[in-house]
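The sequence and structure are shown below.

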There are 2 protein chains.
Amino acid sequence: MRLIEIACKERLKSILHNEGLRYTSQRQEIWNELLESKEHRDAEEIYYSLMNRGIQVSRATVYRTIDMLVKNNMIEKLDIGDGKARFEYNDKYKHHDHLICTACGKIVEFYSKNIDKYQREIAKKNKFELLHHSHHLFGICEDCQ
Amino acid sequence: MRLIEIACKERLKSILHNEGLRYTSQRQEIWNELLESKEHRDAEEIYYSLMNRGIQVSRATVYRTIDMLVKNNMIEKLDIGDGKARFEYNDKYKHHDHLICTACGKIVEFYSKNIDKYQREIAKKNKFELLHHSHHLFGICEDCQ
DNA sequence: ATTTTAATGAGACTAATTAACAACAATATT
DNA sequence: AATATTGTTGTTAATTAGTCTCATTAAAAT
């Protein structure tokens, strides 16, 4: 096991403990899966990826665990509007939003400090306690133009 | 019929004509429904709202018409991540994004010229031809805090 | 008015997700 | 360490949102 995995195992354990939830092998495997590829994964993909690695976890557990991870800010939900939710590891120090090509589905990540600033202003002005956001730009990528 | 409705009837007719599509009472009724309340409506709501007003249109037609209206930029799709699509009249002169309370579901509209500017810059930098965007801020509103 | 062809309605169907519940396993209690 | 407790899991069934098919109907072109 690599160092990063050990660290993340402890992180998962401590969060489960704090929430009064139990540490299980299924939760660990799903969390590993999401950690390994920080890309935009949907529930079915995660389910099959585990299967292919010989790790048998039920679909329901995948959904339940993803839910729990989202609630605890371990992963972020990403909804590009195609009817299924995608998820990715929430690296607080590498926050980003998404540019999506409506022709080929390509996803490019972006981050803007300025947009972040204005978002916080807007939330403040409207007396909202900002929790998270979702910001997608849809267009045609260079290759598809 | 109010003046605005007449104007919009002509607008619908002309768009259908340009696209080589037919003008039907169902399309008119669905368009009226979306015009009347510029709020955030989902397909099912529109379907039932028409039913309640004694206007019988099938679900499939509601979906098909909404689709057509989105494609022709008459309405905008709004996806707040709860698994169903919402739609609203696309008033080009009153573009806005959304602040959503995760506790009560309240939706507050906002607009920022600055964010708009940075969005265009990001698209340009990545050589995307920007078509549209979706920008939601999720948080807890004043009442729910 | 008749013909052509697109649009509609009804309901079957699909995909994604959730719920119910019995069996099981991780912790707490003794 | 043994047992009780209670959360978690897998299975299956249900739900929800949206799509598809196809016979019927209605615009619009002739």
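## Contacts with DNA strand D

A polar backbone atom of Arg22(A) lies 2.9 Å from a phosphate oxygen of DNA strand D. The base contact involves Arg64(A), where a polar side-chain atom is 2.8 Å from a base nitrogen of DNA strand D.

## Basis of the model

The model is predicted: local features need pLDDT of at least 70, side-chain atom pairs count only at pLDDT 80 or more, and totals for chains, interfaces and linings use all residues. Residues are numbered from 1 along each chain as its sequence is written, chains are lettered from A and ligands numbered from 1 in the order in which they are written, and side-chain values use heavy atoms, with hydrogens and water left out.

## The surface around the DNA

There are 19 residues around DNA strand D, and Arg22(A), Thr24(A), Arg27(A), Thr61(A) and Arg64(A) come nearest; a residue is near the strand if one of its heavy atoms lies within 4 Å of it. By class, this surface has seven nonpolar, six polar and six charged residues. The nonpolar class is Ala, Val, Leu, Ile, Met, Phe, Trp, Tyr, Cys and Pro, the charged class is Asp, Glu, Lys and Arg, and the others, Gly among them, are polar.

Of the atoms of DNA strand D within 4 Å of the protein, 68% belong to sugar or phosphate, and the rest to bases.

## The interface of chains A and B

Contact (heavy atoms within 4.5 Å) joins 33 residues of chain A to 33 residues of chain B. The buried area, meaning the accessible area (1.4 Å probe) lost on putting the two parts together, summed over both, is about 3100 Å², with 67% given by carbon and sulfur atoms. Ile122(A), Phe128(A) and Phe138(A) supply 20% of the area that chain A buries against chain B, more than any other three residues.

## Strand pairing

S6(A) and strand S6 (residues 129–140) of chain B pair in the antiparallel sense over 11 bridges; pairing requires at least two DSSP bridges. Within this pairing, His136(A) stands opposite Ser134(B) in S6(B).

How values were computed:
A polar contact is a pair of N or O atoms within 3.5 Å; within protein, one must be able to donate a hydrogen and the other to accept it, and residues adjacent in sequence count only if both atoms are side-chain atoms. Helices (H or I, at least four residues) and strands (E, at least two) are DSSP runs, numbered from the N terminus.
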